[in-house]
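Hello,

Here is the structure I promised to pass on to you.

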Amino acid sequence: MRIFQNVKNWLIKHLPVEEDIALHENSSFHKWVGYPLLLIFTLVIFITFDLYQKGIYSLNKDLLITTKTLSDFAKFYAFPITALTVPLSLGVMFNRFHSSKQKAKSNRLIEQNNLVNNYFSHFSNFNSYTDTLEVKYKSVGLKLSAQRLYRILFQNCNLMKFDATVQKGCIDIIIHSAFVELEKYRNHIVINSHYTVDKGVIEGVELLWSTRKDSQIYKYLEELKLIIIDLINFQGIINSKEIEKYFYTEYEKKLEKNFMTDNLSVDSYKLK
């Protein structure tokens, strides 16, 4: 087994099958076929020379093609004639290897091309989807950056690997970014009578919201929750239902942790 592996490694190193060029341009193909033919041709010369020395063949004799001469020729040159199957077999083998490697390379190129097409088609659909959300939330001045959001949501998706799933870690980052604004509000409202939410709360999401009390910042976070839920309901997300449930649960935990109310009115919500 080790000898076979060593022979294989030697052939790969010294007589490689180059699938990038045509078969007849492969120098290795010429060697695979030419070396055995050279050995056979050399053997024929030695046999012929020996026959001339023994007087069986002579330049003084007339060349006659009869059943006897043909029989003698077949008998004397039986081994070289049989050996011709070696370069023929090697040529066929090399051709199969060459075709196989070309096919494999072609399949890889097709696969890569499909990945690239899927990636850009997926992004194009996501871009169109964000446009519809901007129209839907026009009243709150929503601006979405499709490129930034795509990079955040589809962290494992790129030109070489298409993955249309959203990871829970990505949702955790989004929730954290949303509630960072709440902490800014806590610190700011002590000194100022009103607070304006920064446009770029979550990377790729711009939402202008001015507030003067706790219930209004609560309304802001509720509006942001609806926007994010719509985002992760994009039909191009494979695990959208699973990730929506996870987001809703974690987001509600955050709201309950930070706000309290004495009745069902949203206007009564206050920070804890």
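**The cavity**

About 40 Å³ of space lies in the largest cavity. Here a cavity is a set of points on a 1 Å grid over the protein atoms alone where a 1.4 Å probe fits but cannot get out, with lining residues having an atom within 4 Å of a point; grid points are joined across faces, edges and corners, and the volume is the space filled by probe spheres set on the points.

Please keep in mind that this is a predicted model, where local features need pLDDT of at least 70, side-chain atom pairs count only at pLDDT 80 or more, and totals for chains, interfaces and linings use all residues. Residues are numbered from 1 along each chain as its sequence is written, and side-chain values use heavy atoms, with hydrogens and water left out.

The structure holds 1 cavity of 30 Å³ or more. What lines the largest cavity? The lining is made up of L149, L153, I174, I202, V205, I228 and L231. At least two of the lining residues come from each of α6 (146-153) and α8 (214-232); helices are DSSP runs of H or I with at least four residues, strands are E runs of at least two, and both are numbered from the N terminus. By class, the lining has 7 nonpolar, no polar and no charged residues (Ala, Val, Leu, Ile, Met, Phe, Trp, Tyr, Cys and Pro count as nonpolar, Asp, Glu, Lys and Arg as charged, and the others, Gly among them, as polar).

**Helices side by side**

I228 from that lining also takes part in the contact of α8 with α9. The axes of α8 and helix α9 (residues 240-258) come within 10 Å and cross at roughly 170° (axes are lines fitted to C-alpha atoms, for helices over the stretch in contact, and angles run from 0 to 180 degrees between N-to-C directions). The two helices α8 and α9 are therefore roughly antiparallel, a term for angles over 145 degrees. Among the residues that meet are Y218, L221 and I228 in α8 and F247, Y248 and L255 in α9, where contact means heavy atoms within 4.5 Å. This contact has 11 nonpolar, 1 polar and 4 charged residues.

Helix α2 (residues 27-53) and helix α5 (residues 85-136) have axes that come within 9 Å and cross at roughly 175°. That makes α2 roughly antiparallel to α5. Their contact includes F29, W32 and L37 in α2 and M93, F94 and F97 in α5. It divides into 12 nonpolar, 2 polar and no charged residues.

**Around K270**

K270 is in strand β7 (residues 270-271). Leaving aside neighbours within four places in sequence, K270 is in contact with D214, N258, F259 and M260.

Enjoy exploring!

Conventions. Parallel < 35°, antiparallel > 145°, perpendicular 65-115°, else oblique. 1 Å grid on protein atoms, 1.4 Å probe; cavity = no way out; pocket = protein on both sides within 12 Å on 5 of 7 lines; lining within 4 Å.
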